[in-house]
Every structure is written in structure tokens, then in C-alpha cells.
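Please consider the sequence and the three-dimensional structure shown here.

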Amino acid sequence: MDPTTDNAAPTGDPAAARAALEALRAEIAKAVVGQDPAVTGLVVALLCRGHVLLEGVPGVAKTLLIRSLAAALELDTKRVQFTPDLMPSDVTGSLVYDARTAEFSFQPGPVFTNLLLADEINRTPPKTQSSLLEAMEERQVTVDGTPRALPDPFLVAATQNPVEYEGTYPLPEAQLDRFLLKLTIPLPSRQDEIDVLTRHAEGFDPRDLRAAGVRPVATAADLEAARRAVAATTVSPEITAYVVDICRATRESPSLTLGVSPRGATALLATARAWAWLTGRDYVIPDDVKALALPTLRHRIQLRPEAEMESVTADSVITAVLSHVPVPR
């Protein structure tokens, strides 16, 4: 028997992969306090090969969250600060002339990583925003007509500030639809904020995760085994119809000018499967769909101006739809 096969067997075990991914929450908590829903959302996105839009005010540990996730998964990560003068080549890379060989060589940009933190993505013009579209959808970058594959796994975690819009370029609907999830990062509770300050008073340095005790608890092999298990998770015809009914109901909502697209329905089914597997089941139930409906759909709908004036939100519309669509038994 091939010994390399024996050595690889444990990392391919779905149960071991689930345990490893469950350990992420505790590991990241060594650096980030009180952001379990965001951690779960990022893991779901990795399982579905999707991308995440993180929305929260400055200072709620969005960057630290991504760095901690990368450290706990032993993945490479890079951060790009999106600014009005950022060029597409600053993200994707460019051809550089080598005087010694009198030839052009490709210099990879920061997008060639496993976890890319696109910080304040809405501060850069649409031309630079669109440089990520091919990377997010095709998982490759084309420079001078030559496609270059990105590493696997690959996840874009883009952040935006929900309160400061001066000097920003709102993401177009087509680009928003490319994000699998939109996760809101809330301000910490009083006790969580006390815990944060206590850690800093005791010498915690957010730039030194190793000193904080964050160590790899899962690998890319665990992630690949988990993805195979998620793909094998059973979805009944009733659950498929339930997802479709939810998405179709948003298109008929009087509060919306734009409902969820078929791509959004596909995304909701994928995230529900990942959540079902993470919770220990090999089949999807309606509660899985409900649990992921808000983060999967909130950025795929567009409110009417009059609804916004009445303080209607995307979350309240989706919640109302979930309460009215019949749940399969």
C-alpha cells in the first residue's frame, strides 16, 4: 500500500474536517472577541468558494478577523487599501520590463493570495473595482491577453463603512451580486468591549498573532474534504422549491425595485447546504435556509426610495418574506 495515501487519509475524512473547522471559532477568539457570526460566515464562504462583503464602522476588528482566520487555516493573506488613486494593475499585477533580458515579465499583484482583504472597496473608482470581477468569478487574472490562475482556496473579503459615504463609489448591483454573503460587523457589547480593553492592558498586540496564541488548527486539505462533503449534502425537492419561493417573493415585494436574481437563489441553496453540514447533518432543512437568508440575500435587493424614507431596511423585507412564504413540512 502506498504510504502517502495512508498519510493523506486523515485530512480527507469529513468528520475530521468538520472538527477542524469547528475549532476555528475558538482559535480566532484568542484574537477577536465576540464575532462568532462573522467567523461562521467566512467559513461558509470558503466552503462555497464564495466571497464576503464586510460592513462595519472603523475599529471593529475587520482586518484582525481576516488575519486571524488566515493564521488559523495556515493560508496566505494580503491587504489592499482601496483609495481613489488606486489603479487596476495595483491589484492584479502588471508586466515589468527587465533590462537584463530585454523582455517583459509578469509581476503578480496582491490578488495572488488565499485571503485578500479589500479594505474600503467603495473608496476606489469603478474601473479599479471591476479589476476584481474576473478574479472573483473566474478565479484568474488576465494581463496582456494571458490568463493566470489564482491559488485555491481564494476568497475576497471586501470592507465598507456604512456611515461615511462622502468621496465613495457605491458598488454596482452586478458587483454586489458577485459576493456570496454580506456580513454586518456590529459594535461589541459592553462586556466584550471590556474584554478587548483588558487584553490590551495585559499586553495583547494585534500585529503579533503568534504571541496571542493563534495557531493553525485546519489546513487547505481539511477545507477541500469539507467542500466535497458539502457537495454531497442532500437537498430535497421541497427545499429547492422553498428557496425559489423565497426569492420569487422578493421580486413581488412592494418595497423593492429589485428582487433576488436566480444567482441569489443558487447562492442561498449553497450556503444552506454548507450550514447544514457544519451543524452535523447531511441533509438540508428549512431552518438552514432561514439561518442564511439574511446574509445571503440582503445585498441582492434594492429598496424603493419611498420605502427607505419610511425606515424600511433590506433585512426587514427579507424577514417579512420569510414569515409569509409557506415552510415545507
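Residues are numbered from 1 along each chain as its sequence is written, and side-chain values use heavy atoms, with hydrogens and water left out.

The predictor's confidence in each residue is its pLDDT, on a scale from 0 to 100. The protein chain averages 89, and 95% of the residues score at least 70. Over residues 1-11 the pLDDT stays under 50, and there the model has five contacts (heavy atoms within 4.5 Å) beyond four places in sequence. Where pLDDT is low, the predicted coordinates should not be read in detail.

A pocket is an open set of points on a 1 Å grid over the protein atoms alone, where a 1.4 Å probe fits, with protein on both sides within 12 Å along at least five of seven lines; lining residues have an atom within 4 Å of a point. Of its 22 lining residues, Glu 55, Lys 182, Arg 298, Ile 301 and Ala 314 lie nearest the centre. Among the elements giving two or more residues to this lining are strand E1 (52-55), strand E9 (181-184) and H15; helices (H or I, at least four residues) and strands (E, at least two) are DSSP runs, numbered from the N terminus.

The second largest pocket holds about 320 Å³. It is lined by 16 residues, with Gly 59, Val 60, Ala 61, Val 196 and His 200 nearest its centre. Helix H9 (residues 190-201) provides the largest share of that lining, five residues.

Two packed helices are described by the angle between their axes and the distance between the axes. Helix H13 (residues 286-297) and helix H15 (residues 314-324) pack at about 145°, their axes 10 Å apart; axes are lines fitted to C-alpha atoms, for helices over the stretch in contact, and angles run from 0 to 180 degrees between N-to-C directions. Lys 290, Ala 293, Leu 294 and Leu 297 of H13 meet Asp 315, Ile 318, Thr 319 and Leu 322 of H15 in this contact.

Most residues other than glycine have a negative phi, and most peptide bonds are trans. Glu 74, however, has a positive phi near 55°. The bond from Asp 152 to Pro 153 is cis, with omega near 5°.

How values were computed: Predicted model: local features only at pLDDT ≥ 70, side-chain atom pairs only at ≥ 80, totals over all residues. Points joined across faces, edges and corners; volume = space filled by probe spheres on them.
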